[in-house]
Amino acid sequence: MFRYFTLLSIGRILTSIGLTWLAYNIISLVMAALHHRTDQTDTDIDDILVSLIGSTMKIIVIIAGFFAGAEIFSVPYQTVVAGLGIGGLAFAIAAKDTIANFFGSAIILADRPFVQGDEVKIGEYFGTVTHVGIRSTRIRTLDDTEVVIPNGQISNDIIDNYSKREHRRIKSRFLLDNATDKVTLDALEREVTSFLENDNNVINIDILIGVQEYTMFGIEFSVTFYVDAQTKVDYSTQQHRLLSDIAVIIKESDVKSVKVHDNLIN
C-alpha cells in the first residue's frame, strides 16, 4: 500500500512538473512568435507589452506549479504562501535592479513619454531614441555614440521630449554701433517686427525684438521668435533665411556698423 502511494505521488509530481514545463515553454513559443511580428512594426511599445505579459504569465505558471506540488504532498497553503513570501523577498532584494527596470518598462508603456525616433533629454543625456526594450532604452547622442539607460533610472529621471514641441525657437543677437540713436533703434525694432509678423513660417506669438543690453563693445539688439519647422533640415533652412534677411534689414537702416555678435539657437 505504501509502495503504491509512493509511486502514485511520484507520478503525480512528475505530471505536475511536466505540465508546468509544457505551459512555460508554450508561453515562450507564443512570445517568440509575437516578438517576430512586433519586430516588423515601427514602434517598440508592442515589444515591451509582449515581454511584460509573457513574463507575468511565466510567473503565474511557476506559482501554480508550486501550489500543485503542495497539493500532492498535502502541504498547507499557508506554508506555501509563507515560503513564497520569504522567497519572493529574497529574490526582490537580490534582483532589485531587474525588478526596477521591469516596472520602469511598465511606466514607459503606460505613460508613453517617448517613442522610437523622438529627440529626448533624459538626465544629462540628449539624443534620438533608437530602441525601447524591456530592460533599457537606447539613445543616439549628437556625438554619434549610443547610450544605454536602464528603464528603472528613466522612471525616476526628468524626461524632456523635444519632439513634442509644437514650434521651434530662434534666438539671436546682433551687435550695433554705440552711436546708434534711440529713434533709429525704435524704427529698426518696428521694421524687424513687421518683417517677422508677415512671414508665413514665423508663428505670430511671442515675437520679442529690441535692445537687450548696452555694452562697451556695442548695443546688443536681440531677436527672439518661433518658427513652424518639423525637421532639423527645415529648421536650419529657415534659421539661415530669416537671420540673413534680418541682417540685411539692419544693414539698410541708419546703423553705422553692424556685425553678428552671438547666435543662440534653441
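## Asp 206, out in the open

Asp 206 has a relative accessible area of 52%, so Asp 206 counts as exposed (exposed is over 50%, buried under 20%, partly exposed in between, with a 1.4 Å probe and protein chains only). Asp 206 belongs to strand S7, residues 202–214 (strands are DSSP runs of E, at least two residues, numbered from the N terminus). Its phi is positive, near 50°, and Asp 206 isn't a glycine. Most residues other than glycine have a negative phi.

This is a predicted model, where local features need pLDDT of at least 70, side-chain atom pairs need 80 or more, and totals for chains, interfaces and linings use all residues. Residues are numbered from 1 along each chain as its sequence is written, and side-chain values use heavy atoms, leaving out hydrogens and water.

## Asp 144, in a loop

Asp 144 isn't a glycine either, yet has a positive phi of about 65°. You'll find Asp 144 in the loop between strand S3 (136–141) and strand S4 (146–150). At 58% relative accessibility, Asp 144 is exposed.

## Rings and a charge

How many aromatic pairs does a search of the whole structure find? It finds 1 (ring centres of Phe, Tyr or Trp, using the six-membered ring of Trp, within 6.5 Å; planes under 30 degrees apart are stacked, over 60 edge-to-face, the rest tilted). The ring centres of Phe 126 and Tyr 162 are 4.9 Å apart with planes at 75°, so this pair is edge-to-face. Phe 126 is in strand S2 (125–132) and Tyr 162 in the loop between strand S5 (159–161) and strand S6 (168–176), so the pair ties together parts 36 residues apart in sequence.

Elsewhere, the charged end of Arg 168 sits over the ring of Tyr 235, 5.6 Å from its centre (NZ of Lys or CZ of Arg within 6 Å of the ring centre and within 35 degrees of the ring normal).

Terms used. Helices (H or I, at least four residues) and strands (E, at least two) are DSSP runs, numbered from the N terminus.
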